[in-house]
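The questions below concern cavities, contacts, ring pairs and backbone angles. Each is answered in a few sentences.

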Amino acid sequence: MKQKIMNYGSFLVILSVLLTFFAASFVMYDKFNTSMKQGVRAEAEYIRAGIKACGEAYLTQDVGDLTDTRITLADSMGNVLFDSVKSPSNLENHSNRPEFIQAKEEGSGELVRFSNTFSKQTFYYALQLEDGNILRVARTTDSVFHTMLSGFTLLGLLIVVILILAFFLVQRQTKELIAPINELDLEHPLKNVCYEELRPLLVRVDQQNKQIIQQVEELKEAEAMRREFSANVSHELKTPLMSISGYAELMMNGMVPPDKTADFSGRIFQEASRLSSLVADIIQLSRLDERNTEMEFEPVDLYELAENVAVHLRPAAEKKQITVTLEGDTELVSGVRQVLYEMIYNVADNAVRYTGEGGTVKISVGKKRGHVCCRVEDNGIGIPVNEQKRVFERFYRVDKSHSRQTGGTGLGLSIVKHGAALHHADLNLISEPGRGTIMEMIF
């Protein structure tokens with residue numbers, strides 16, 4: 001960047017100086033050229049005045065030597081009578097010269113053309129005298145360039161000095177321009193904005209910094225959750241495995257009375273079922289975490305799924321004398337059937353598990369604010385306000401003291417949360433300890 005600024009600055013300075021030089025040259029040339037022509041015209045008038053006063057005898061070689069101009073006198077027929085440069089006898093007739101013809105017609109004539117005598121570009125000015133003769137005064141345009149050269153030498157030196165000064169000034173200014181940019185605090189870019197032109201860029205840098213900080217925090221949280229999840233999985237898997245192993249070892253060693261064999265077998269079956277459910281939930285949660293592209297979306301009737309959930313939960317609810325009701329009508333959403341089923345099932349299953357005997361669980365499917373809504377309401381133990389945000393964490397249980405009694409894997413609401421994210425659904429939780437819980441899934 002620094003090099004580019006120096007290059008562009010130097011280029012502009014050099015271009016400006018050169019343009020100024022050429023403009024000054026043009027102005028000087030035009031001025032000197034005009035001055036030369038005016039001088040030739042004035043000199044012609046002086047000579048005419050001399051001839052008028054003294055006659056043609058005024059034109060002598062001495063007069064010609066006193067000036068740089070060429071003086072020529074010709075009669076009305078174009079015959080050269082006098083010339084300050086060459087002998088008249090060596091000059092051809094001038095009657096065909098343009099300035100001669102113009103002077104005869106208009107009294108005066110001028111022209112810039114190539115001179116065969118000088119072999120140079122020459123300015124001619126001709127006057128018709130009172131006796132009909134033509135007086136012509138000429139000067140080469142080289143005289144203009146010679147006059148300009150004396151000024152160009154000084155101008156050229158001045159340009160060199162300007163270029164040298166400009167180079168150092170551009171270099172210094174470039175350093176001063178770049179210094180604030182090099183000293184920018186990219187961790188706090190908006191703290192001191194050196195140039196307003198950089199503000200949009202610094203705003204984006206600040207936003208990216210915030211995003212990076214947020215992502216770092218999220219990664220730390222994810223890492224903490226991963227470690228907690230690993231520890232919980234190990235614990236949750238180890239508990240049923242230890243139970244199964246313990247009961248099986250007692251039965252293998254014949255330490256279980258015959259009348260207790262069925263009870264021990266039942267406990268092994270329960271722990272194995274719990275272990276199977278836990279593994280299935282972990283697998284399902286992993287699939288939802290990965291947003292598996294193999295999951296196919298299709299039109300799904302939520303009322304039909306809720307009806308199936310109610311049928312599956314009624315046996316467990318009847319054991320606790322809990323009434324499970326279903327309300328609503330057909331409502332279609334686009335989603336993964338199995339995931340939607342597990343979402344409704346886990347919410348309703350939690351409602352049955354944490355509702356006391358004689359309680360009620362109501363499942364309803366309908367519309368809310370123009371969106372399809374599946375609502376599960378119970379009059380169970382409820383969830384304290386300070387724990388409502390944590391119930392969707394993996395293996396988190398509100399009632400830890402009765403977690404073994406209520407069963408479950410502790411992953412149900414985590415599956416609901418990830419399923420909602422997969423279907424871009426909203427989850428609303430309304431709960432009060434001792435009065436029950438309402439969970440809404442809005443699609």
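Arg-136 is found in strand E5, where helices (H or I, at least four residues) and strands (E, at least two) are DSSP runs numbered from the N terminus. This is a predicted model, in which local features need pLDDT of at least 70 and side-chain atom pairs count only at pLDDT 80 or more, while totals for chains, interfaces and linings use all residues. Residues are numbered from 1 along each chain as its sequence is written, and side-chain values use heavy atoms, with hydrogens and water left out.

Q: Does Arg-136 count as buried or exposed?
A: Buried means under 20% relative accessible area, exposed over 50%, and partly exposed in between (1.4 Å probe, protein chains only). Arg-136 has 5% relative accessibility, so the residue counts as buried.

Q: With which side chain does the side chain of Arg-136 make a polar contact?
A: A polar contact is a pair of N or O atoms within 3.5 Å; within protein, one must be able to donate a hydrogen and the other to accept it, and residues adjacent in sequence count only if both atoms are side-chain atoms. At 2.8 Å, the partner of the Arg-136 side chain is the side chain of Glu-99.

Q: Which residues are in contact with Arg-136, leaving aside its neighbours within four places in sequence?
A: Contact means heavy atoms within 4.5 Å. With those neighbours left aside, the residues in contact with Arg-136 are Arg-70, Ile-71, Thr-72, His-94, Arg-97, Glu-99, Arg-113, Tyr-124, Tyr-125 and Ala-126.

Q: Which element gives the most to the lining of the largest cavity?
A: A cavity is a set of points, on a 1 Å grid over the protein atoms alone, where a 1.4 Å probe fits but cannot get out; lining residues have an atom within 4 Å of a point. The lining here consists of Thr-72, Leu-73, Ala-74, His-94, Glu-99, Phe-100, Ile-134 and Arg-136. Two or more of these residues come from each of strand E1 (70-74), helix H3 (98-106) and strand E5 (134-140). With three residues, the element that gives the most is E1.

Q: How much space lies in the largest cavity?
A: The search of the whole structure finds one cavity of 30 Å³ or more. Grid points are joined across faces, edges and corners, and a volume is the space filled by probe spheres set on the points. The space in the largest cavity is about 60 Å³.

Q: What is the angle between the planes of Tyr-341 and Tyr-345?
A: Rings of Phe, Tyr and Trp (its six-membered ring) pair if their centres lie within 6.5 Å; planes under 30 degrees apart count as stacked, over 60 as edge-to-face and the rest as tilted. The count comes to one aromatic pair. Tyr-341 and Tyr-345 form this stacked pair, with 6.0 Å centre to centre and an angle between the planes of 20°.

Q: By about how much of a helix are Tyr-341 and Tyr-345 separated?
A: Tyr-341 is buried at 17% relative accessible area, and Tyr-345 is partly exposed at 26%. Because they are four residues apart in helix H8 (residues 337-353), their separation is about one helical turn.

Q: What is phi of Arg-369?
A: Arg-369 is in the loop between strand E9 (360-368) and strand E10 (371-378), and is exposed at 64% relative accessibility. The residue is other than glycine, and its phi is positive, near 55°.

Methods
1 Å grid on protein atoms, 1.4 Å probe; cavity = no way out; pocket = protein on both sides within 12 Å on 5 of 7 lines; lining within 4 Å.
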